[in-house]
Amino acid sequence: MPGVVEAGTWGLVAGAALVVGAAVGFLLRVPGKVIATVMAFGAGVLLSAVSFELIAEAHEQGGLAPTALGATVGALLYTGANVLLARRGARHRKRSGGQQPSESERAGSGTAIALGALLDGVPESMVIGTSLLGGGAVSVVTVAAVFISNVPEGLSSAAGMRKAGRSPAYVFGLWTGIAVISALAAMFGYAVLGGAPPEVLATITALAGGAILAMVADTMIPEAFEDAHLLIGLVTVAGFLVAFTLSTLE
């Protein structure tokens, strides 16, 4: 299978978890504490993936300077775009409660939420594509981490969209579209960065890591602790250790 096609396939697999999570969140009445638990687990998984699969890998490829630069730029880009979208109604796009505004309450919020979901998903998918560079196999840890974290992201967000009065066509059209774009982003990461020097590749990898870390802190952790119970911290550590264990076995 050509590398670019393989990258797209794995990106689609990881992105499809958003649709699975959205279906559960939209069609079922999932208790808030359950959503908080799965979101905490997903946050722990992504924190581990950022640490050991992205930042550590970037440092090994290009050293400290490109890694620090990339992570900082990634966080700045994500935060800047997120601030702009938050002002247009996408601030609580991953919240399962009544925080998300309806279109009647905030005109244009639907578009902002869609763009916010895209902003959250693209860095993860590009990393999947770049993990195939050099002729190696895809990073199982990266795909697993993105897949596992995407389920609670889709679940929580779709539950909030239902409460905000979004239609099934909007919800499932949005997440299906994001899954497809995830595949394209993975293909882009593979095709465009194939001939990049190690320092450039390290910077891009760290950039994605910085953006993902900012996303976890801004959108996943608040939802995880919205209905926090006494085991939330333990669940987060469990997610972290699951991803870490996978990285040691890869």
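Which helix gives the most to the nonpolar patch? In this predicted model, the answer is helix α6, spanning residues 168-192, with three residues. The patch lies on the surface and is formed by L12, V180, I181 and L184. Together these residues have about 320 Å² of accessible area. L184 is found in helix α6.

The protein chain has eight helices and zero strands. Its pattern along the sequence is α-α-α-α-α-α-α-α. Of its 250 residues, 48% count as buried. The accessible surface of the chain comes to about 10500 Å². Carbon and sulfur atoms account for 72% of that surface. Among contacts with a separation of 6 or more, 85% are between residues 24 or more positions apart.

Three aromatic pairs were counted. In one of them, the ring centres of F52 and F240 are 5.8 Å apart. Their planes stand at 65 degrees, so the pair is edge-to-face. The pair links distant parts of the chain, with F52 in helix α2 (residues 32-62) and F240 in helix α8 (residues 232-249). The two residues are 188 residues apart. F52 also forms an aromatic pair with F244. Here the centre-to-centre distance is 4.8 Å, the angle between the planes is 50 degrees, and the pair is tilted. F244 also belongs to helix α8, 192 residues apart from F52.

Definitions and conventions. Residues are numbered from 1 along each chain as its sequence is written. This is a predicted model: local features need pLDDT of at least 70, side-chain atom pairs count only at pLDDT 80 or more; totals for chains, interfaces and linings use all residues. Side-chain values use heavy atoms; hydrogens and water are left out. Helices (H or I, at least four residues) and strands (E, at least two) are DSSP runs, numbered from the N terminus. Buried means under 20% relative accessible area, exposed over 50%, partly exposed in between (1.4 Å probe, protein chains only). Contact means heavy atoms within 4.5 Å. Accessible areas come from the Shrake-Rupley method with a 1.4 Å probe; for residues, only the protein chains shown count as cover. Patches are made of residues with over 30% relative accessible area and no salt bridge: like charges are joined within 9 Å, nonpolar side chains (Val, Leu, Ile, Met, Phe, Trp, Tyr) within 5 Å. A salt bridge is a side-chain nitrogen of Lys or Arg within 4 Å of a carboxyl oxygen of Asp or Glu. Rings of Phe, Tyr and Trp (its six-membered ring) pair if their centres lie within 6.5 Å; planes under 30 degrees apart count as stacked, over 60 as edge-to-face and the rest as tilted.
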